[in-house]
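Subject: Structure handover

Hi there,

Here is the structure I promised to pass on. My notes on what turned up in it follow below, so please have the viewer open while you read.

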Amino acid sequence: DTPPWSLSTEDHLDSFCARTAAELIRAHPTQIPLYLQVNFPGPHKPFDPTSEFLPDPDDPAMPLPIPGPPEPPHSPLSELYQAIKLEPWAEPEARALRAAYYGKVALIDRGIGLVLDAMRGAGLYDDAWIVVHSDHGELLADHGMTGKVLVYEGAIRVPLLIKPPGGLALPWVDRGQVDGMDVTATLLAMGGLDPTGLGDRDLTARVLGGSLGPAAHQDKPVMFENLGHVGLRADDLKLGWDLELGRPVELFELSTDPQELHNRIDDPSLASSREALVETLRELRPLPVDRAR
C-alpha cells in the first residue's frame, strides 16, 4: 500500500546515495587506494520507487507468488511467522506488491550505473574489483508472507556479482553455492589483507580462473541461522533444525519441489539423506542431542 515516491527520481534516497558515492569517486586522488562501500537503503521497505521506474503490475511477465504455506508439518519458526505475517494475498494486491519491489530494484540498478560511470570517468574502473551483493532477499507474498525471516529460497538466495580488475572480463555464471562469509574473505583478499581463519573462503582465484578454472562451480554446504532455527543447504536438499526442540524439523528436496511446498522431514525414503545432512550440520555447528520425537 506504499504509493510511488512523490518527488523526483533525483530526490529519492537511493539516488542520493548513488550521487554521493559518485561525487566521492570523482574527488578521490587517483594515486591513493580506495575502498568504497555503497549501501543502498532499497529495495528494503517501503517499496516506493518513483513512477518513472514502477512497472505495470498487470504485465503478463510478472511472476506470481508461490501459493499458500507449505503442507504440514511446519517448523516452529514457520508457525510463528505464519501467525504474524500470513495473509490471503489476492492476485491484484500481490502484483502491486511485486511491481513496487521490482521498481525499487530498477531504481537501484540506475544508481549502480551512476557509480560505475563515475569510476569510468575517474579512470578507476579497469583497475577496480567491484562487488554487488545483498544480505537477504524478500518473500514478496511467497507462501502468503512477506519479509526475510524464513529460510525459503526467496529470502536466502541473493545476488553476488564480482568484476575483477584488468579491463574487460568475459562474463560467466558460477553454479556453485557460496555464502556471506565467503564475500567477507574475498573482500579482505581483494585489499591485500590476510583473511585469517577464512582463507579457504576467498573467491578471488575462482573469479579470475573463469568458467573453466579448477575452482569454478564448486559447491559446498551452506549454513544459516535465525531465531533458534538453523538451516543447511547442500546440493538440492535443505534441512532445518530447531534449537529448542533439539531435532530436525524441515527437509525440502529442491530438485523435485522447487517451490518448497512439501516438508519431507518424516519421509522414510529420505531418512539416510536427512541423517547425512544432520552429521554435516554437526560438523559446522555444535547442536544439542536429539530429543524424543
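Which residues make a nonpolar surface patch of about 250 Å²? The patch is made by Leu24, Leu34 and Leu36. Patches here are made of residues with over 30% relative accessible area and no salt bridge, with like charges joined within 9 Å and nonpolar side chains (Val, Leu, Ile, Met, Phe, Trp, Tyr) within 5 Å. Leu34 sits in the loop between α1 (13-27) and α2 (76-85), and with a relative accessibility of 43% it counts as partly exposed. For that scale, buried means under 20% relative accessible area, exposed over 50%, and partly exposed in between (1.4 Å probe, protein chains only).

Two notes on where the values come from. This is a predicted model, in which local features need pLDDT of at least 70 and side-chain atom pairs count only at pLDDT 80 or more, while totals for chains, interfaces and linings use all residues. Residues are numbered from 1 along each chain as its sequence is written, and side-chain values use heavy atoms, with hydrogens and water left out.

**Overall picture**

The protein has seven helices and six strands, taken as DSSP runs numbered from the N terminus (helices: H or I, at least four residues; strands: E, at least two). In sequence order the pattern reads α-α-α-β-α-β-α-α-β-β-β-β-α. Its C-alpha atoms fill a box of roughly 65 × 45 × 30 Å along the principal axes. Of the 293 residues, 40% are buried. Contacts (heavy atoms within 4.5 Å) were also sorted by sequence separation: among those between residues at least 6 apart, 66% join residues at least 24 apart. The accessible surface is about 16200 Å², and 58% of that belongs to carbon and sulfur atoms; areas come from the Shrake-Rupley method with a 1.4 Å probe, and for residues only the protein chains shown count as cover.

**Aromatic pairs**

The whole structure holds three aromatic pairs. Rings of Phe, Tyr and Trp (its six-membered ring) pair if their centres lie within 6.5 Å; planes under 30 degrees apart are stacked, over 60 edge-to-face, and the rest tilted. Phe47 and Tyr101 have ring centres 5.2 Å apart and planes at 80 degrees, so they are edge-to-face. Because Phe47 lies in the loop between α1 and α2 and Tyr101 in helix α3 (residues 91-121), this pair ties together parts 54 residues apart in sequence. Phe47 is buried at 6% relative accessibility, and Tyr101 is buried at 13%. Tyr152 and Phe252 are edge-to-face too, with centres 6.2 Å apart and planes at 65 degrees. That pair links Tyr152, in the loop between β1 (130-133) and α4 (153-156), to Phe252 in strand β6 (residues 247-253), 100 residues away. Both Tyr152 and Phe252 are buried. Ring pairs also link Phe47, Tyr101 and Tyr102 into a cluster.

Leaving aside neighbours within four places in sequence, Ser78 is in contact with Leu150, Tyr152 and Glu250.

**Salt bridges**

There are 18 salt bridges, each a side-chain nitrogen of Lys or Arg within 4 Å of a carboxyl oxygen of Asp or Glu. Lys104 forms one with Asp48, with the closest N and O atoms 3.0 Å apart. Lys104 is in helix α3 and Asp48 in the loop between α1 and α2, so the pair ties together parts 56 residues apart in sequence. Lys104 is buried at 4%, and Asp48 is buried at 8%.

Glu260 and Lys238 meet in another salt bridge (2.7 Å, N to O). Here Glu260 lies in the loop between β6 and α7 (271-284) and Lys238 in strand β5 (residues 237-242), 22 residues apart. Glu260 is buried at 2% and Lys238 is buried at 1%. Salt bridges with shared partners join Glu153, Arg157, Arg233, Lys238 and Glu260 into one network.
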